[in-house]
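Subject: Model with ligand, for your records

Dear colleague,

I am handing over the structure below, and I would be glad if you kept it open while you read the notes.

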Amino acid sequence: MTPWSASVITLFPDMFPGPLGFSLAGEALRRGLWQLEAHDLRAFGRGRHRAVDDTPAGGGAGMVLRADVMADAIDAHWPLPDARPRLLLSPRGAPLTQAMVRHWAQGPGLALLCGRFEGVDERVIAARDLVEVSIGDYILSGGEMAALTLLDACVRLLPGVMGAAASGDDESFETGLLEYPHFTRPVDFEGHTIPAVLRSGDHGRIARWRKEQAEAITRARRPDLLARREP
Ligand code: SAH
């Protein structure tokens, strides 16, 4: 079986695997539990200077990535048929959620296009069926950090990557709630002790306490999550 595989098209291939070369994701990459390729968009640039961008039609600040350059890179590196979703990291995209992450982690992998400058020529998005995905309502200088973020979220869910951890079934967003608070030794930290219930050994009571805490924290911090939750 071919492992989960990510292919990234970027002006900065050296940014990959970057932080994903460390810790569990990095070990999993070395063990072949997932694969990563980063391809240089510059190789498809035009002219002696390998230009990938040009001034925006209609005027305005900044530069726009050329549709023809991006289409050439996509066609060269992501030949069809390819079952992987083709995503464009973009602040205009659907905001990334844990449900999307889980869905993509269960698939064959991802093909990710990283924008730069003011963004990409609109025509290539439709011409190559790119799905726009945002990692949040703020502007990054490029799609690379967004791609790394998305990949990190997916890779940690792949079988074998997280080891003993129960693949995070309890974690924030998996339950539709923010997570309950954690504690570990020492029992006394600057005069604050670990809640007695967690030291009671009563698993039923502990589970109830954690659920109440998770609900209270979610109500206080993210009432929008409660509203969205299934009854
Ligand atoms: N002019 C654009 C921003 C371009 S930022 C606008 O106002 O919408 C340059 C590139 O960074 C984008 O093409 C995209 O690939 C990436 N990027 C920036 N913010 C992002 C976000 N929140 N999520 C995903 N990608 C983002």
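This is a predicted model: local features need pLDDT of at least 70, side-chain atom pairs count only at pLDDT 80 or more; totals for chains, interfaces and linings use all residues.

Residues are numbered from 1 along each chain as its sequence is written, and side-chain values use heavy atoms, with hydrogens and water left out.

The ligand has 19 residues around it, of which Leu 89, Gly 115, Glu 118, Gly 136 and Tyr 138 come nearest (a residue is near if one of its heavy atoms lies within 4 Å). This shell divides into 9 nonpolar, 8 polar and 2 charged residues, with Gly counted among the polar ones. Strand 5 (86-95) and strand 7 (131-134) each supply at least two residues of the shell, and the largest share, 3 residues, comes from strand 5; strands here are DSSP runs (E, at least two residues), numbered from the N terminus.

Polar contacts are pairs of N or O atoms within 3.5 Å. A backbone N or O atom of Glu 118 lies 2.9 Å from a nitrogen atom of the ligand, a polar backbone atom of Ser 90 is 3.3 Å from a ligand nitrogen atom, and for Gly 143 a backbone N or O atom lies 3.4 Å from a ligand oxygen atom.

Finally, the chain is divided into domain 1 (4-155) and domain 2 (170-229), with bounds from an automatic or database domain assignment, and 36 Å separate their centres, taken over C-alpha atoms.

With best wishes

How values were computed:
A polar contact is a pair of N or O atoms within 3.5 Å; within protein, one must be able to donate a hydrogen and the other to accept it, and residues adjacent in sequence count only if both atoms are side-chain atoms. Helices (H or I, at least four residues) and strands (E, at least two) are DSSP runs, numbered from the N terminus.
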